[in-house]
Amino acid sequence: MPGSTPASTTAEARDRAPKVEQPRLRTGVRWWARRFLRNRVAPIGLAIILGSMVIAMLAPAIVPYDVRKMAPQDALHPPGGGYLFGTDEFGRDVFSRVLMGSRVSLVVAFLSVLTALALGTTLGLIAGFYGGWWDSVSMRAMDIIFAFPAILLAIAIMAVLGTSLFNLVIAIGIVYTPQFARVARAAALTVRGLEFVDAARALGLGNTRIIWRHLIPNVLAPVTVQVSLNLSLAILSESALSFLGLGTQPPTPSWGNMLSEGRQFLELAPWNAVFPGLAIMVVVLGFNLLGDGLRDLLDPRLR
Amino acid sequence: MRVRLWMLLVIAALILPALPVRAAPGGTTLTVGVDQEVVGLDPNLVTAFSSFRRIDFLYNKLVRYNDRLQIEGDLAESWEYADSKTVTFKLRRGVKFHDGTEMTSEDVKFTLDRVLDPNTRAPGRSFIDVISSVEAPDKYTVRLKLSLPLASLLSGLSSANLAIVEKAAVQKYGNLQRNEAGTGPFMLAEWVPDNFMRLVKNPNYFRRGLPKVDTLIIRIVPDQASLLAGVRTRALDMATINQGPVITAAKREPSLNVVQKAGLNLRIFSFNTSRPPYTDARVRYAFSWAIDRQAIINTAEGGFATASGPVPASTPWATPTSKFPSYAQNVARAKQLLSEAGFPNGFATKIVTSPTYEGGIAVAQVIQEQLRAIGVNATLENIEWGTYINRWVARDFDTMIELRGGDPDPDRFLYRTFHSTGGVNNFLFKDAAIDRLLERGRVNVDPDARKPIYDELQKALIEAAPALFLYVPMETQVLQNYVRGFKIVGNGALYYLEEASVER
Amino acid sequence: MQRYLASRLLALIPVLLGILAVVFLLIRLIPGDAVQLFLGTQVEMTPKQMVELRRFFGVDKPMCAQFLDYLGRILRGDFGVSLRTARPVLADIMQRLPLSFQLASLALLIAMAIAIPLGILSAVTRNSTFDVFTRIIGLLGLSMPNFWLGAMLILIFSRYLHVSLGQYVPVTQNPVGTLESLYLPALALGAAIAAILMRYTRSSLLEVLGQEYVRTAHGKGLRGSAVMLRHALPNAMIPVITVLGFQMGYLLGGTVVIEEIFALPGMGRLVLQAIFQRDYPVVQGVVLVIALLFVLTNLAVDLLYAWIDPRIHYG
């Protein structure tokens, strides 16, 4: 276990739990592919994710009903009889809405994690590599965000910005930025202390070269795991915010607002809340399986 | 190291201490589930509906509405008009506040003066601001002098905001947000905010023999489905439920008794009449033809609502909706009106709503869909409550879904809502003819002379359409079969719980 | 050690100050003002009454003055009173803290009961079908929105099993009642934590099992189960305890939606309502307390870590 620097607060404390350590990057795609498949868990996750992405892309073409089309005479129709997942209180087809809802959930998840990744990794790399006052200031700022309960912070940001898809991405992105900053900083700190960096410096390589040639490749592995796990958190956050009425606007279906609208029909028409919930579960499980598998793969102690 | 580890686990296991179970208090107890906690208990200061319902247990007003929405005496035994600007109330004798002191005309005068004083920040001030002076000629007589005759004065005085408070207590505590000093059927015994409030019987209550239960427990259960789960498993004896689907589920339970009555709240679809194209009354009226009110009721309220005009359909003043031609949906007529106004192909617009309004989003979505038939392409703006209020105050909207608190007296609701100077006229609606009708209706104290004025007014409001009047949701209480004697009032008040008994 | 502790505590000050500033600013950036929200859309007030209300709500001064004022009072331990209910904020928080703490503890206990045995089994049978299956089941708990799981549990228990969902009672009054009202929400929260704990138990145990001294113990002829109980497990549990601590910190602030669904009067519900009502003093107070608990828990975990494992020294 690495010792702790006296000035550390929650930031490093959290990272001390065994997590991803620096893998020695071996070249050879086939070597990695073989290991990936042998992992058994990660491929299942990847398959689920790819499957749901394909469905999301094809959704407009394959949905049996217009997601806005109301059919009052068929309201709250149980699953079956032309409606695979039943209908909601407006008589809209739940199956079509679940399929279309995947688009919002996935887009929000990917874009918000991308935001967090870009912001967090940049901050973390700079902090870890250069150190100094920038390190203290930016990491203290990350501590502040981190000490906020994530969901409350997201709620407050959404309330400030107002409800829209774009703002949803920003809110979730900000909330998860510190995690990327920490992972990237930890990796940068390790690399900075390695001999080959000193060697590279001695050879007269500039910082930019060192960052691109040595830092980025080493940060890649732990960040990949983080991306996968955060995608799952982002989908859950989107659903929680939409559930509270702060997410996507009706009638655009998202899994979160389907849950929100379906909640009062839990007794009468449980399919309204059950199916979007199951959809969330499957996709999030996919990201979790992939992330968990990658974590194992990239953790040198578990080889 | 291992020893320390196990020590730690043992300590962790001891964190939850086991203490003896406290015995339950004796007597009969009625447990009621509601979804909202009160925000303060001072009758003269609160604005939240949840607070009004709770204050009814602790306090009394001069007059109140009975279950047929007729005014009856509460603390006042009788009243009479000397002329249209002078009313004299005779108070009940021997009414005691919870601390044992007698309630007299001094307390009534103090309460009314307190509400009228701008420094009190009393929301009920606008109900009675025609009162120019309050006199207490003797211990049991109160005389009000008015600057103008006001037909809805008694209705205003029946508001929980005008519950009579104890003068000495207010002077002692400053305000009554956390203390209580009433004459009501129950007294506050224990209050754990957001969890429950325990009220005990007032042994000196002036309605002899009441209340019938010894303890009344109000539990806060924010989720409607959980409320139903509570009555189903008998953790609750009664629950106030307002979501249509949950009511439908409750009606399927043989052991539960679902009591419903058309309420006073009015769901409306408001126009900002200062924004084109809604400056044109034809466009607004076209919408009235375009929508199907029953479809909205079925979807948004599970059918538990009554279509209504500008005066809540539950009151005797309401004109039957069959007299309003546009209440029979007619898309062709709507399109024709839009064409006349210069929009043969419709237009794009926005509907503001908030998730805080139960069912508001459903109403918005159905209307959005129905407007597509006349070429109007509406976008929803479903915004958080605080933002919604901000937009409401700033009059920053095209159209908006609202739930207005109606009143048994037409003046109290309509004047402030649709008069060009009305305090809650966020439609920015100005119509000289309607203003005149409103002014005539409010000063006329004779009900028979008032009726034709309000009939004419309702018809005019439907056609001028500052808002589309949709429906009044039902007030719904779900009771166990063994709860007897409870009567539901259209204004949602629970004061008849004083007559309820538990007969297992 | 003392110097280490002092420096860690000192480092908390800027973080807590920052949190206070951020929450103070953030809640005021939200459109909608406390006074208007208090009035709603039904109430008419005269301009004179409005001025009086603004003064009463303390929003008549510039924001900077308000902040310094607030900071000064916080330092003296005065959290102010709620704008809506007029109750002292600190008293409200103290009243709700036990529930949040009990809910978190119970969720952790449930998570441990599920995760540790499964984690051990999964490590021992590494890469078998059982292992893969267990991990997928475990991760399912982490893959559901907890409020959805909570709603499903309510549906199943109240509708199909007719089990009464008790109202929360303080543990000092009736511990059985407390347990009755908390086990379902704790299960809904614990399911996700179980997945995290299981992952740590598994990987930590795998790591330990691969180490020299465990192999030596096997070599000395000790039976497999004895090696597991005497050597491998205690060592593998250390990181798991760390994770438990962090989850405790997370749980104290992360139960917002669950409290709403299960009608639990905890801190999450207090702060959620306060945000929506712009009850500034309450939001500030609760967020400060939650954040303080979070950083202190993390600090405690670090110290605990050193105490259990004598190999680690701070200072």
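This passage describes the interface between chains B and C, a helix pair in chain C and strand pairing in chain B.

The model is predicted: local features require pLDDT of at least 70 and side-chain atom pairs count only at pLDDT 80 or more, whereas totals for chains, interfaces and linings use all residues. Residues are numbered from 1 along each chain as its sequence is written, and chains are lettered from A and ligands numbered from 1 in the order in which they are written.

At the interface, 53 residues of chain C are in contact with 52 residues of chain B (contact: C-beta atoms, placed from the backbone, within 7 Å). Helices H2 (34-39), H3 (47-57), H5 (89-124), H7 (146-160), H10 (224-253), H11 (256-261), H12 (267-277) and H13 (280-308) of chain C each supply at least two residues of the side that touches chain B. Helices (H or I, at least four residues) and strands (E, at least two) are DSSP runs, numbered from the N terminus. H3(C) gives the largest share of this side, 5 residues. By class, the side of chain C that touches chain B has 25 nonpolar, 18 polar and 10 charged residues (nonpolar: Ala, Val, Leu, Ile, Met, Phe, Trp, Tyr, Cys and Pro; charged: Asp, Glu, Lys and Arg; polar: the others, Gly among them).

Within chain C, the axes of helix H6 (residues 129-143) and helix H8 (residues 175-209) come within 6 Å and cross at roughly 135°. Axes are lines fitted to C-alpha atoms, for helices over the stretch in contact, and angles run from 0 to 180 degrees between N-to-C directions. H6(C) and H8(C) are therefore oblique to each other, given that angles under 35 degrees count as roughly parallel, over 145 as roughly antiparallel, 65 to 115 as roughly perpendicular and the rest as oblique. The contact involves Gly138(C), Leu139(C), Gly141(C) and Leu142(C) of H6(C), with Ala191(C), Ala192(C), Ala194(C), Ala195(C), Ile196(C) and Met198(C) of H8(C). These residues comprise 8 nonpolar, 2 polar and no charged ones.

In chain B, an open sheet of 4 strands has the order E4-E5-E7-E6, with antiparallel pairing (strands pair if DSSP finds at least two bridges between them). Its edge strands, E4 (76-83) and E6 (131-138) of chain B, each pair on one side only. The twist averages 20° from one strand to the next. E4(B) is joined to strand E5 (residues 86-91) of chain B by 6 bridges, and Asp83(B) has Thr86(B) in E5(B) as its bridge partner. Helix H3 (residues 105-116) of chain B packs on the sheet, touching E5, E6 and strand E7 (141-146) of chain B, and its direction makes about 165° with that of E6(B).

Strands E8 (residues 186-192) and E9 (residues 196-201) of chain B run antiparallel and are joined by 6 bridges. Phe186(B) stands opposite Lys201(B) in E9(B). The hairpin of E8(B) and E9(B) has 3 residues between the strands, and Asp194(B) takes a positive phi near 65° there.

Definitions and conventions
Two residues are in contact if their C-beta atoms, placed from the backbone, lie within 7 Å.
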